[in-house]
Structure formats: structure tokens, C-alpha cells
Amino acid sequence: MHGSPTGPGRSFSENYLGSSEQEDDYFEEEFQGTKSTSMNANVDKSNSLVSSMGNISIEPQKTIPTARATDSARVTKFKKELSSPTVILEKLRELAWSGVPPYMRPDVWRLLLGYAPPNSDRREAVLGRKRLEYVDSVAQFYDIPDTERSDDEINMLRQIAVDCPRTVPDVSFFQQPAVQKSLERILYTWAIRHPASGYVQGINDLVTPFLVVFLSEYLEGSIENWSSLDLSEEKITNIEADCYWCLSKLLDGMQDHYTFAQPGIQRLVFKLKELVRRIDEPVSRHMEDQGLEFLQFAFRWFNCLLIREIPFHLVTRLWDTYLAEGDALPDFLVYICVSFLLTWSDKLQKLDFQEMVMFLQHVPTHNWMDQELEMVLSQAYMWHTMFNNCPSHLAS
């Protein structure tokens, strides 16, 4: 894998990111809640879970309770919250955690990230101003000849240009030249305005959920049938600006994940290892006996927020929960990764070192649907609640 031009600390990305593994088909998402209903399904398990913390194995369940019966009621709650003169963000977070109706996602995400203000009277003016600021930044930093860039900036732009075609390679829409150019503008402008980290491989993946969501305001049907030719320059600019600002807001909450040597990610990997040891000691011991380091697979999970590990059609649903978590996302992400890993606890204990490395770098999620993702999230929620309320569980 290619390295980042922004400094020697990028060796982590080079060593651990690996190649992109994305799914071919994107289909229209059907709104479905999970947090409260999935958790209710697990309430009767929680006591036994506490008493058997040493050995827990999870297999993805093919059928779990969903909130389908209350979809209309939840949609009504979303509408009520979004139509309020001032959105109460805590209420919106609670609703969004369990999934956002796709057509409401652009508005909800802008609010959850603090890009759009809760006050409806100010919203249009604020968005207009921020979009103009993005246009000015592109003109100042991107739309200039290379003679006005430093050598580092030229190298960074070249690296971004190399990475853009590798972003979600199996979804044809992202291979359209205009889409790749938008991605390049967003990434380069962000990197120049955030010199502490600059561009780091993996950040290109993080733009894609925003692109899909904000494009969906203007393009209908399946992403496989979308064409950038159907968009005016003004719409493209607005979409890019929204992606830029939402990416900035997201990464503001995890700044040390992408600075030199990426200490934030190393910290999360360490916590993941410790949680797995506490929750599923047999699989933890087997991985240790085989000499498997968590960095060998989990670095990419955290660096790309699991985008490369699940089918692309599930990513925006996962990100509903991410954005609902707000500043607590890095902490909760560890629990999601614990739940994700332990989905294959029994399988992992039968594999040797090389087999585990290959398995965990190419986890078999290509057939996953909503149910499997909802189970991962509900288990993560249960463990997070359990350990946060009883931190002594994590004491050595």
C-alpha cells in the first residue's frame, strides 16, 4: 500500500490499511429502528452475560426484533423534532441512534454534527455563509497552479489523486470523473486547512457516506443509476461544501487519530484488546498464543471507521449511530469493534495465525443485511452500558 506524503508517522497507514474491500451493489435503504427494540430483546440476557463475562461468543442472528411496527410513529417524532423552531439535539440524537429515515438523513446529519444550527431561523443563512467559505477556500488553495504550492503540497495532492480512484472501487458511481474530482477538492482543501494532520490515507473513505447522503437530496433511485451529469455546478458546490464541513466536524472530535503516529487510534486498539480479554478470554488467549497483534487488523477498522469491513449499503445506517454518539463516538466505536470481532469468536479459535490474519482482513460480511448490523450495535450498546456503569470490570 502506498504511503502518505505528509510525514514519517504515516507508516501506520502504510502497514495496516490494506486494500479496500467494498460491495458491488447499493440499494435503497429501508428505515428501521434498533436501539430500544434490539436492547429489549437482550434484557433477559444481560444478567447471564454479567455472570459469564469470561467467555461470550456471539453469532449473527438471522432474525431479530425490529422497530418496523413503530416506524410511522418514529417518523412522526422525527418530523416533529425537525419542524420545531429550535431542534433539541439530545432528542434528535436519541431518535437517530436507531436509524434515520433516508430522506431525512441530510438534515439530521447536518444538525447532529453542529454544521446546521438548531435554530431554524438561522439555518439557511448559516449554511449559505459556510458554503461560500468553502468556495473561497477552494479558490485560494486548490484552484491555483503548482508553481504556487510547496513541494509537500504537490506531493499531497498527487497522493490524493492516486487514492481517489481507490475509494469504494466496486461502486461505479465513485469512478465517475466528476465525482473523483469533487472528492479530490474536498480532501485537499481539508488537508491544507488542517495542517496538524494533513492528508492521511483512510480519510478519503470517510467522505463517502457524506457524499452519498448529500447527493441523495438531488438524485433519486439507486446509486448505481446516479450520474453526476444530472447535477448543476451550484448543486455540486453545495454538496462538496456540506461534505467538507461535516468531515471537519466529525474529525474535530478525533483529532489525534490522524496526527503524527496516530496516537488516538493506537489508544483505541489497546482498549479493544483489553475489552476482548475481559469479555471473551478464550478467544483473547488464542489470539495471543498465535502471536496475533490487534494492530494487524484493527488499525484499519478504526482508521476507516469500519467502512471497508461492511457492505457499502449498510454504511449510512451505521453512521446514523456514529453521529448520534457525538463526542462519545471514539469510546463507543471500541465497543462496536468488540462486538464486530466477537461475531466470529468460535471461528477464530479454530484458526492459526496466518488464517486469522487473512480472515480478519477480509471478514465475511458481503451477505450482511440490516439484521446483522443491528445485532452488532445492540451488543455494543449492552457492553458499553455494562462496563461504563461498572468500570471495575476493566480493572486489571
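This is a predicted model: local features need pLDDT of at least 70, side-chain atom pairs count only at pLDDT 80 or more; totals for chains, interfaces and linings use all residues.
Student: How are helix 9 and helix 14 oriented to each other?

Tutor: The axes, lines fitted to C-alpha atoms over the stretch in contact with angles from 0 to 180 degrees between N-to-C directions, come within 10 Å and cross at roughly 105 degrees. Angles of 65 to 115 degrees fall in one class (under 35 is roughly parallel, over 145 roughly antiparallel, the rest oblique). Helix 9 and helix 14 are therefore roughly perpendicular.

Student: Why is the pair of tryptophan 97 and phenylalanine 332 classed as it is?

Tutor: A search of the whole structure finds 21 aromatic pairs. Rings of Phe, Tyr and Trp (its six-membered ring) pair if their centres lie within 6.5 Å, with planes under 30 degrees apart stacked, over 60 edge-to-face and the rest tilted. For tryptophan 97 and phenylalanine 332 the centres are 5.7 Å apart and the planes at 65 degrees, so the class is edge-to-face.

Student: How many residues apart are tryptophan 97 and phenylalanine 332?

Tutor: Tryptophan 97 has 3% relative accessibility and phenylalanine 332 has 1%, so each is buried (under 20%; exposed is over 50%, partly exposed in between, with a 1.4 Å probe and protein chains only). The pair links distant parts of the chain, helix 4 and helix 15, and the separation is 235 residues.

Student: What is the angle between the ring planes of phenylalanine 174 and phenylalanine 312?

Tutor: Phenylalanine 174 lies in the loop between helix 7 and helix 8, and phenylalanine 312 in the loop between helix 13 and helix 14. Phenylalanine 174 is buried at 2%, as is phenylalanine 312 at 3%. Their ring centres are 5.6 Å apart and the pair is edge-to-face, with the planes at 85 degrees.

Student: Is glutamate 184 buried or exposed?

Tutor: Glutamate 184 is in helix 8. Beyond four places in sequence, its contacts are Tyr142, Leu157, Ile160, Ala161 and Cys164. With a relative accessible area of 11%, glutamate 184 is buried.

Technical notes: Residues are numbered from 1 along each chain as its sequence is written. Side-chain values use heavy atoms; hydrogens and water are left out. Helices (H or I, at least four residues) and strands (E, at least two) are DSSP runs, numbered from the N terminus. Contact means heavy atoms within 4.5 Å.
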